[in-house]
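Here are a few exercises to work through with the model open beside you. Try each one before reading its solution.

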Amino acid sequence: MAWFRASSYIGKLAIKRTLSHCGSYAIRSQIFHLRSRCFRSTVFNPKQKMSPVPRSVPLSRLADNFLDGTSSVYLEELQRAWEADPNSVDESWDNFFRNFVGQASGTAGVSGQTIQESMRLMLLVRGYQVNGHLKSKLDPLGLEEREVPDELDPAFYGFTESDLDREFFIGVWSMSGFLSENRPVQTLRSILTRLEQSYCGSIGYEFMHIEEREKCNWLREKIETPTPMHYNKERRVLILDRLMWSTQFESFLATKMKTAKRFGLEGGETLIPGMKEMFDRAADLGVECICVGMSHRGRLNVLGNVFRKPLRQIFSEFDKNSKFEDESGLYTGTGDVKYHLGTSYDRPTRGGKRIHLSLVANPSHLEAVDPVVIGKTRAKQYFSDDLDRTKNMAVLIHGDGSFAGQGVVYETLHLSALPNYTTGGTIHVVVNNQVAFTTDPRAGRSSQYCTDVAKALNAPIFHVNGDDIEAVVHVCELAAQWRQTFHSDVVVDIVCYRRFGHNEIDEPFFTQPNMYKVIQKHPSALEIYKTKLLESGEVTEEDIDRMHKKVDSILNEEFMSSKDYVQQRRDWLSTNWRGFKSPEQLSRIRNTGFGTYVIDVVVFQTLGVCPDVLKMVGRAITILPEDFKPHRAVKKVYEDRAKMIETGEGLDWAMGEALAFGTLLVEGKHVRLSGQDVERGTFSHRHAIVHDQETGKIYCPLDHIMENQNDEMFTVSNSSLSEFGVLGFELGYSMENPDAIVLWEAQFGDFSNGAQVIFDQFLSSGESKWLRQTGLVVLLPHGYDGQGPEHSSARLERFLQVWILGSTLQIRVMLNIYI
């Protein structure tokens, strides 16, 4: 692989200049049949006037007429220098000559092979690894037209049909995949067959943008194996059963709830068996808990078939007259539509393990849930001591339009490797309908794929034809393996379609008539897979009929039971938050005569704290190491704080805040403060992190209150320049456990409107809609220092409700703020 990079420029120059000698090539296609595969090739037109074609020159007689002298002289000099002293050339060229020169001349059938042909052959291999996905068969409808790049055309490298059965020496390289196999001599036909099978089938792999060689080699090993997706009869029957459940669930709802909006999964039913196999594989690799976020498309199917939400409960939610248990004293909230609700479940896996699944409730605002899920996953890792981040994993399911169009996706992606925000990798699954609500891809994004934004992270991207269920299962398992191996993000792009409109009562022919003419006649993934297994003899018609009747019987039984099902909203409540009173309950029992309460976290925490404890904490957080050299202004700040502790006078906000954090830590509470510039503070008031002016080392006094203090017990971290994504992250973090204080601080209070969706859809209404509680504290600093209206008010009129969790008294207080 290394020599590819070293010789890339000269190789491409060689190809272009050689072809310039050979005349122009006609724009028509010739098909070279390779067993069951074929590849497109641009062929030379013999009727066109052509210059004489220079003959290939063996290595032993390398002459200046190759490429008009310049490149051939360079190659010849490199070869001579290498023969005299292998250490005198770059390691990449040493590898090349060592593999080629000494062996090619003595190998039968390849003695005439030239250095130019070897370079072109390796560049052809690289062309498939880089661009093979552009030739893969991804669109199940067959409507997509993509131009096959020249780099996948053997004629581009000077090869003709007569070369197909000619043997070439390719060597054995220190990389993975078929080039590492002990087959140094292969025909061009066999090489192309392997490349077509690996890179141009139902899966399109994008991974050569990844810089780490280890990761590329790992993927090549998985991709270029001869039988990457060989499943035995038992696995195929299981896949068929899961696909049948996915398909019949949607058909059943379409029959029973004809006029209801359900945002069905028809056209993308392979998502369900793909998710199940992904979770099974993840459990085998050590994952114990998976936190999932997704939008409305296919959500009911995921709830019923993956998260095992009782089907009778799902069916009852379609009934406007469904009954609710009389739960006196329990806050019931306003509720939400059924395809916004979340759930959790301990699911048994195919390998005999159990894995906890959590689906986070979310609003219609697409992708808003992404950072919430990531934050919740990070909190799970902290509270379960998952230091390696291998037991708790996040999975996000996106739509193609929103993945490319919503900015919070990019904000969330770029949290993935930040020290205090990483979760050890997220698996992103895109349910790619090839159309958003009514918008075609050409009007919805400027890039080739909706997933191109993920390349910024060096994340591998697996595009897969949604009609090929075994290919979907394979890439879902591969994604789980990647995440557990490299602890970084990975993307699965399931290219499918939407059989009906945006919802079931929408008319898709209004805007996509050509697409939906094809969809009307297109068989479902279940029909395609049943035909495949029937032809292979692995199942019979009787087997399929028996499976179908079983699923249909259970669905009908659950539907009949839904008529008498009594819903219990307490089931929505998170276990960790049981016992915390709702706003409704607090308003019933509290009547103090005051209309407005303004309580800050500092006063709330320090009330009732022993003075001796405050002094102990105060001394600990005002002492810097003797050999530490802070900025002189910061040194003065810490000296002033030490005086505050000794005299008990003049305590300012920053000192009070630090004391509140410190006493919480003494009580064993987890404190997390996040946001733009929070380490120093926008107004240079906090200085929670101090920088040595000579060495650049940092010191956090609040990390040294107790002996052997957990470094993450107090976390203060400057975030990326984001409001929406980071506030969502901290909201998700705060939802996991009430026995902590999680704070987000805006750079200026006015800037909080960059995260208005999180405020409106989660903070102010999440408990009312989903009975999901949070103890998030929001700090909105502002000052009247002449910087104008965007820096001076915090716009408190936007906030109707603010919730603060007081960790000492373990209660919450609603602040009704009136401006």
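The exercises below concern a predicted model, and each comes with a worked solution.

**Exercise 1.** Check whether the length of helix H5 (residues 188-199) agrees with its number of residues, and work out how covered H5 is.

*Solution.* Then turn to burial, where under 20% relative accessible area is the cut-off. By that test 10 of the 12 residues in H5 are buried, among them Leu 188, Ile 191, Arg 194 and Tyr 199.

**Exercise 2.** Locate the largest nonpolar core relative to domain 1 and domain 2.

*Solution.* The largest nonpolar core has 100 residues, and those with the most contacts inside it include Phe 207, Phe 279 and Val 395. Helix H15 (residues 469-486) gives the most to this core, with 11 residues. Both domain 1 (71-203) and domain 2 (233-324 + 334-565) give residues to this core, so it lies between them.

**Exercise 3.** Which parts does the salt bridge between Arg 236 and Glu 538 tie together?

*Solution.* First find the pair: the side chains of Arg 236 and Glu 538 meet at 2.8 Å, N to O. Now place each partner: Arg 236 is in helix H7 (residues 233-256), while Glu 538 is in the loop between helix H17 (525-536) and helix H18 (541-562), so the bridge ties together parts 302 residues apart in sequence. Finally, check burial: Arg 236 is buried, with a relative accessible area of 15%, and Glu 538 also counts as buried, at 15%.

Notes
Residues are numbered from 1 along each chain as its sequence is written. This is a predicted model: local features need pLDDT of at least 70, side-chain atom pairs count only at pLDDT 80 or more; totals for chains, interfaces and linings use all residues. Side-chain values use heavy atoms; hydrogens and water are left out. Helices (H or I, at least four residues) and strands (E, at least two) are DSSP runs, numbered from the N terminus. The expected span of a helix is 1.5 Å times one less than its number of residues. Buried means under 20% relative accessible area, exposed over 50%, partly exposed in between (1.4 Å probe, protein chains only). A nonpolar core is a set of buried Ala, Val, Leu, Ile, Met, Phe, Trp, Tyr and Cys residues joined through side-chain atoms within 4.5 Å. Domain bounds come from an automatic or database domain assignment. A salt bridge is a side-chain nitrogen of Lys or Arg within 4 Å of a carboxyl oxygen of Asp or Glu.
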